[in-house]
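I opened a new notebook page for this one. Here is what I looked up, entry by entry, for anyone meeting the structure for the first time.

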Amino acid sequence: MTNICDEINMLISVILAHPNPKSFNHAIAKMAVEALKSNGHKVFFHDLYKEKFDPLLPAAEIADDASLPAKIKKYCEEIAEVDGIVIVHPNWWGQPPAILKGWVDRVIRPGVAYEFLEGDSGEGVPRGLLKAKTAMVYNTSNTESEREKKVFGDPLETIWKNCVFGLCGVTHFHRRTFNVIVTSTEKQRKNWLDSVRKDIDMIFSKEFINKPPRNKLQGIR
């Protein structure tokens, strides 16, 4: 019997941003990659710290028609090609780590991820260009969910859902946060990793891609 995901043959980009190879973020990314591959998808996996990604955006790269370094050009070509995106990172001061913010600055760029329409000098709302229509973001945090929402306003939700993926044309956005990591037990972490596999199995399935459910998946924003 043919696996339905083998027929899709999707390309998925998994981006990990955590400096410690023994972190739970690495365990999340590993599980996501394994689940994607077991469902027949091709995975482009990037551990930004291991790859020593340079997050600094030079002035020469800002223009739409800028000549890009070969490494950055390859990242751009890949993100434009994939059918889905998975991001894994910790919540640091309500933001992604600097290396991941730099990846957004240099890779999620005009002409690749979005464009302004003719006559728009950059003051309007751009049109999204990404082929990917589904994105999943996993975060770890040492703040309780209620405090994160009430006190801080859950800034990561706004950053990824509205400021990045929504602007770039990714219409199906999902996010799951695991907390509190610092006091979590081995059993909790195992259950969390099981939920990662279930998320990936569903979100990147043929049925879900063709007709996403109206209600969010359990525990996912």
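Predicted model: local features only at pLDDT ≥ 70, side-chain atom pairs only at ≥ 80, totals over all residues.

**Entry 1**

I began with Lys-52, which is exposed, with a relative accessible area of 67%. For my own use I noted the cut-offs: buried is under 20% relative accessible area, exposed is over 50%, and partly exposed is in between, with a 1.4 Å probe and protein chains only. Residues are numbered from 1 along each chain as its sequence is written, and side-chain values use heavy atoms, with hydrogens and water left out.

I found Lys-52 in the loop between β2 and α3. Helices (H or I, at least four residues) and strands (E, at least two) are DSSP runs, numbered from the N terminus.

Trp-93 also has a positive phi, near 60°, and is not a glycine. Trp-93 sits in the loop between β3 and α4, and counts as exposed at 83% relative accessibility.

Next I looked up a cis peptide bond, which joins Asn-179 and Val-180 with omega at about 5°. Val-180 belongs to the loop between β7 (172-178) and α7 (186-203). I jotted down the background: most residues other than glycine have a negative phi, and most peptide bonds are trans.

**Entry 2: strand β1**

How many residues of β1 are buried? Six of its six are. I then checked the directions: Leu-11, Ser-13 and Ile-15 point one way, while Ile-12, Val-14 and Leu-16 point the other way.

β1 runs parallel to strand β2 (residues 42-47), and six bridges join them. Two strands pair if DSSP finds at least two bridges between them. For Ser-13, I found that the bridge partner in β2 is Phe-44.

**Entry 3: helix α4 and the cores**

Seven of the 10 residues of α4 are buried. They are Ile-99, Leu-100, Gly-102, Trp-103, Val-104, Arg-106 and Val-107. I see these buried residues packing against β1, α3, β3 and α6.

The largest nonpolar core has 33 residues, and Leu-48, Ile-79 and Trp-103 are among those with the most contacts inside it. A nonpolar core is a set of buried Ala, Val, Leu, Ile, Met, Phe, Trp, Tyr and Cys residues joined through side-chain atoms within 4.5 Å. α4 gives the largest share of this core, five residues.

**Entry 4: a cavity**

I looked up the second largest cavity, with a volume of about 30 Å³. A cavity is a set of points, on a 1 Å grid over the protein atoms alone, where a 1.4 Å probe fits but cannot get out; lining residues have an atom within 4 Å of a point. The volume is the space filled by probe spheres set on the points, which are joined across faces, edges and corners.

Which residues line the second largest cavity? They are Ser-13, Ile-15, His-46, Tyr-75, Glu-78, Ile-79, Trp-103 and Val-107. The largest share of this lining, three residues, comes from α3.

Definitions and conventions:
1 Å grid on protein atoms, 1.4 Å probe; cavity = no way out; pocket = protein on both sides within 12 Å on 5 of 7 lines; lining within 4 Å. Contact = heavy atoms within 4.5 Å.
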